[in-house]
Amino acid sequence: MLIISNHSYSSSLTPLTDYLTGQNINYSIVFVSNESLNNSAYGDMISNASCFVFAGDSLPALSLLKDTGSLLGSSFDQKISVEQTPAFFFGNTGKITGEYYIDNVDIDNLAGYRGKMTNNAGLSLFDDLIFQPLIFEDNNYYENRTSALLWGLMLNRKRIGIYLDGRDLVKVNAAGKTISGSGLLPQLIVDARAATYVDSSVYRASGSVGPRQVVAMNNLRFSFTRYSDLIYLIEEGKFESLTDVNELITSTPSEFKLYQNFPNPFNPSTKIKFKLPQKGFVSLKVYDILGKEVAEVISSELEAGSHTINFNGDDLSSGIYIYRLSYGALIQARAMLLLK
């Protein structure tokens, strides 16, 4: 096993190296820097590695391995591209697996608001991916982390984004073009392949270095799962082995429908529209990504026909929310994105 890190993170590797030692697992460490890119000893370690573990706090340093003109870069490319050696990425290091990644997300809780996040070149292991881990790690950075993924998708015209919590795991198979994962919280996959319109903010706040880094895109698809045996098929844009939606709605009255909220993303209010086939009791609730109820919008009997409700998220933090409509035994739900 070969650990890929950077010098400033060396003291933080102790828990990992202690664990490997306790499990009698042999390991070596390569510290990537401009000065070490042509280090022959490091090059041999990479060439002989059975797997890679990335752990560090400098994504630009770790991304230097993208330079295939260097000894370390060419050796790493050979191991990954030709020999298909597996690689594991801890925490934020997973961001560099794409062709591009968004950095400076955690330097300032207003980084996205002040235009401080940067778009950097990654290792291109999965060219079409923008990855944002640690999404629920610290609520001071919820807006940055939520915005970073969507801004990265828009800016680089990528089609797949993944949000992940710090305690969970996602596995991306480049050859098979699949995504799977496991953990306490759902993995959230954002598919932007159907987007035909994109836009970004031009607002510049006081003290900013660039426009606010929030975007708007149409036709986004959000896929959630907590089941490790469900595999997301990247080329098809869906989980395998799921019941087709058409099979589920055959017994649903044709006039019962929950529409996508508008606008979406929204700040702070949005309209939720739904249609009822006949008079009945309706419950409309909003949940955060952890499944906690954050608002009860409706709990009453309504007449048949179309209804439009205004939902205000003034008291909520930026993030993804699920609104769920119950009507008798029928339930429909959709995702919406609050960006403040």
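Predicted model: local features only at pLDDT ≥ 70, side-chain atom pairs only at ≥ 80, totals over all residues.
View 1. The phi angle of R157 is near 55 degrees, a positive value in a residue other than glycine, although most residues other than glycine have a negative phi. R157 counts as exposed because its relative accessible area is 56%, and the cut-off for exposed is over 50%.

**View 2. N219 and its positive phi.** N219 is found in the loop between β13 (215-217) and β14 (221-225), and its phi, near 60 degrees, is likewise positive in a residue that is not glycine. With a relative accessibility of 45%, N219 counts as partly exposed.

View 3. Most peptide bonds are trans. The bond from F262 to P263, however, is cis, with omega near -5 degrees, and another cis peptide bond joins N267 and P268, where omega is about -10 degrees. P263 sits in the loop between β17 (257-258) and β18 (269-276), and P268 is placed in the loop between β17 and β18.

**View 4. F54 in the largest nonpolar core.** The largest nonpolar core has 42 residues, and F54 is listed with I4, F52, L65 and F76 as having the most contacts inside it. Leaving aside neighbours within four places in sequence, F54 is in contact with residues including I4, L62, L65, F76 and L123. Apart from this core lies another, of 25 residues, among them L149, V214, I289 and L339.

View 5. F88, F90 and L169 make a nonpolar surface patch of about 260 Å². L169 belongs to strand β9 (residues 169-173) and is partly exposed, with a relative accessible area of 41%.

How values were computed
Residues numbered from 1 in each chain as written. Heavy atoms only, no water. Core = buried A, V, L, I, M, F, W, Y, C linked by side-chain atoms within 4.5 Å. Buried < 20%, exposed > 50% of the residue type's maximum accessible area, 1.4 Å probe, protein only. Contact = heavy atoms within 4.5 Å. Patch = residues over 30% accessible without salt bridge, like charges linked within 9 Å, V, L, I, M, F, W, Y side chains within 5 Å. Areas by Shrake-Rupley, 256 points an atom, 1.4 Å probe, with all protein chains shown as cover. Salt bridge = Lys/Arg side-chain N within 4 Å of Asp/Glu carboxyl O. Helix = DSSP H or I, 4+ residues; strand = E, 2+ residues; numbered from the N terminus.
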